[in-house]
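Welcome! Let us walk through this structure together, one step at a time.

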Amino acid sequence: MCRNTKFLIADRAAGMRCIFVSREGFPESMYKKLEEVGRVEVYRHGGSPWSTRGVPKSVLIEAARRCEALVIFIGDVVDREVLDAGAALKIVSTASVGVDHIDVEYARKRGVVVAYTPYVLVDAVADLAVGLLLAVARRIVLGDRLIRSGSAEAVWGSLMGVDLRGKRAGIVGLGSIGSAIARRLAAFGVEVVYWSRRRKPEAEFALGISYVELDELLATSDFVIVTMALTPETREFFNREMFQRMKRGAYFVNVARGGLVDTEALVEALETGVLAGAALDVFDVEPLPAGHRLASMDNVVLTPHIGSATVETRRRMAELAAENVVAFFKTGRAIYSV
């Protein structure tokens, strides 16, 4: 690869298709896979390749004009303007399971395949969800903060949390991640119920969980864990009305997408005691703005969108994003397309 100030550009051999990658610093194995089917251009994004800070739209538009494939990450917004620029664009492959940063319907109308990376991040996200639940229910983060600030003496030995055993957890949106969370919670003696747009009897049998209507889940669950997809229909699914329907003193955990939640309504529910606490890995605006009210609450645990952020999982996500492109150009079908 030769380098210039803006792109890392592979051999410009005549006739080779162009494949654009929005990030520098992905595992080298990803770029090598892509080089099997074309010339790879890599944008100098700056910082971590896994940052949710997207590349400028102008860069994506210019890449779409030149290239047949875009390989992106969450934060890189592929909207109508980008898709309209791509006269030769054939596939957009995102190293993520969520695709809300891509206008999937418009891509379909233009004949552009949208590929994604499901399943490989299931265990990492499920582990984090249970970790967040433990952190907020047992007040682990608050305890750490008080000790570090020298303020723990007054609560030493008496910083009270709640048990997991014997409680009910309601999972909203039972996909592969929700199922993995259910398996983990069983080890803690938690009763698990779920609501999903489609009932899943096989998962009920395999996991020993029960389907309940959404109203019952909200009213009876001590812990509500969100793993549903963000779509135009589910945006701000958890609004003021939803929080009012929840069991008083419940805990709310979101490892899906921030856009599923009306943040102001969540803050209100926490401030008024409707919720005992919340643990969030995702937000409607990312990064969370400095000084946000959520950051000042002792009953809230916050992490910066790290559900899939393990070395092993992110490497596999990058490789699968590349394999989707390679499979598409070799066989006409991506391995996982939306």
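Start with what joins the two parts of this predicted model: between domain 1 and domain 2, the count is one salt bridge. The partners are Asp100 and Arg257, whose closest N and O atoms lie 2.8 Å apart. On the side of domain 1 that touches domain 2, you will find three nonpolar, three polar and one charged residues.

Now step back to see where these domains run. Domain 1 is made of two stretches of the protein chain, 18-116 and 311-331, while domain 2 covers 121-302. Their centres, taken over C-alpha atoms, are 31 Å from each other. Seven residues of domain 1 and five residues of domain 2 take part in the contact.

How much area do domain 1 and domain 2 bury between them? The figure is about 550 Å², with 60% of it on carbon and sulfur atoms. Within domain 1, the residues that lose the most area to domain 2 are Val97, Asp100 and Thr313, which together give 63% of what that side buries.

Finally, have a look at helix H7, which spans residues 176-186. Its buried residues are Ile177, Gly178, Ser179, Ala180, Ile181, Ala182 and Leu185. And what covers them? The cover includes two helices, H5 (122-137) and H8 (201-207), along with the strands E8 (168-172), E9 (191-195) and E11 (223-226).

Note on methods. Residues numbered from 1 in each chain as written. Predicted model: local features only at pLDDT ≥ 70, side-chain atom pairs only at ≥ 80, totals over all residues. Heavy atoms only, no water. Domains from an automatic or database assignment. Contact = heavy atoms within 4.5 Å. Buried area = accessible area lost by both parts, 1.4 Å probe. Salt bridge = Lys/Arg side-chain N within 4 Å of Asp/Glu carboxyl O. Nonpolar A, V, L, I, M, F, W, Y, C, P; charged D, E, K, R; others polar. Buried < 20%, exposed > 50% of the residue type's maximum accessible area, 1.4 Å probe, protein only. Helix = DSSP H or I, 4+ residues; strand = E, 2+ residues; numbered from the N terminus.
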